[in-house]
Amino acid sequence: MQLSPFGFVIQSGQLAVREALSKFLEQLGPLNLDVEETGTVELVLAEVLNNIVEHAYPQPDQSGPISVDCAHQADGLIVNIKDQGRAMPDGQMPIGQLTSLDVEMDDLPEGGFGWFLIQHLAKDVTYDRVGNENHLRMRLAIGFF
Amino acid sequence: MELASKTEEQLRIVSVEGSRIDAAVAIEFKDAMRVQTDSGPDLVVLDLSKVDFIDSSGLGAIVAAMKHMGQDRKLALAGLTPTVERVFKLTRMDSVFSVFPTLEGALAELKAQ
């Protein structure tokens, strides 16, 4: 089955991310995704939205809209996420590599996993700065038909 | 972010009572872990069986909690649900912690040591 395209806009904030995730997953209900597929969708979207909340609209003074749009295609879900916050450093998205874990305990990384998870779990991820907006587009390889 | 804890035979069990360790509660989780682990046994088992979602901020908070406990103590993880386990595997953080499928299994093995 093919889902109708859907989308919504949230106002940047950490609790808004939770709200967006549950809204998005609710729309995927008819696909009857298994726990792994649901986990992939929720993780990728959580990392993308958390990055926007943290870096595009840094607290305490900045907030703004984040739009999430999804189109269901034969090869998966095409997700477009847009915000009007700060551009990514150097106009590029991070490559998302894990750092070595073969280090002293005090040097273990406490961050930098987000882009790795996005790049690892999503396909065809692209980023463009269009005017004053960040456009992130990706394909989640689930719900084939 | 509620944590419940009890101490059994030189081992502290800290159970996460919420279903998510995400960016919204990561700092709160880190602070609550400090309260639970600043004193007490050197061996702590973090029971994650009620947690069905963790993001990179939550993962970072668990790493921070372990680092805060110091070199001479140990933080083991138990009861990872599928999505939580996947995040640890993908980031290879499962190689940094002792990970047990169930709390019962963790206690049996750790108490025998």
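Among contacts in chain B between residues at least 6 apart in sequence, what percentage join residues at least 24 apart? The figure is 72%, where a contact means heavy atoms within 4.5 Å. In chain A, 64% of the contacts between residues at least 6 apart in sequence join residues at least 24 apart.

Some ground rules come before the details. This is a predicted model, in which local features need pLDDT of at least 70 and side-chain atom pairs count only at pLDDT 80 or more, while totals for chains, interfaces and linings use all residues. Residues are numbered from 1 along each chain as its sequence is written, chains are lettered from A and ligands numbered from 1 in the order in which they are written, and side-chain values use heavy atoms, with hydrogens and water left out. The model scores ipTM 0.94 and pTM 0.95. Chain B has an average pLDDT of 96, and 100% of its residues score at least 70; pLDDT is the predictor's confidence in each residue, from 0 to 100.

Start with the overall build of chain A. Three helices and five strands make up its list of elements, and along the sequence they follow the pattern β-α-α-β-β-α-β-β. The radius of gyration of chain A is 16 Å, close to the 15 Å that the globule rule gives for 145 residues, so chain A is as compact as a globular protein of that length. Helices (H or I, at least four residues) and strands (E, at least two) are DSSP runs numbered from the N terminus; the radius of gyration is taken over C-alpha atoms, and the globule rule is 2.2 Å times the number of residues to the power 0.38. Along the principal axes, the C-alpha trace of chain A spans about 50 × 35 × 25 Å.

How much of chain A is buried? Of its 145 residues, 48% count as buried, a term for under 20% relative accessible area, with exposed meaning over 50% and partly exposed in between (1.4 Å probe, protein chains only). The accessible surface of chain A is about 7400 Å², and carbon and sulfur atoms account for 47% of that surface. These areas come from the Shrake-Rupley method with a 1.4 Å probe, and for residues only the protein chains shown count as cover.

A:Gln119 sits in helix α3, residues 114–121, and is partly exposed at a relative accessible area of 27%. Leaving aside residues up to four places away in sequence, A:Gln119 touches A:Met93, A:Pro94, A:Ile95 and A:Val125. The C-alpha atoms of A:Gln119 and A:Gly96 are separated by 6.5 Å, although these residues are 23 apart along the chain.

The other two places concern backbone geometry. Most residues other than glycine have a negative phi, and most peptide bonds are trans. A:Gln59 and A:Pro60 are joined by a cis peptide bond, with omega about 0 degrees. A:Pro60 belongs to the loop between α2 (35–56) and β2 (65–73). A:Asp124, not a glycine, has a positive phi of about 50 degrees. A:Asp124 is part of strand β4, residues 123–130, and counts as exposed at 53% relative accessibility.

Now turn to chain B, which has four helices and seven strands. From the N terminus on, its elements run β-β-β-α-β-β-α-β-α-β-α. A compact globule of 113 residues would have a radius of gyration near 13 Å, and chain B agrees with its 13 Å. Its C-alpha atoms fill a box of roughly 35 × 25 × 25 Å along the principal axes. Of the 113 residues, 57% count as buried.

Which strand of chain B holds B:Ser15? B:Ser15 lies in strand β2 and is buried, with a relative accessible area of 12%. B:Gln10 is found in the loop between β1 (3–8) and β2 (11–16). B:Gln10 is exposed at 66% relative accessible area and, though not a glycine, has a positive phi of about 65 degrees.
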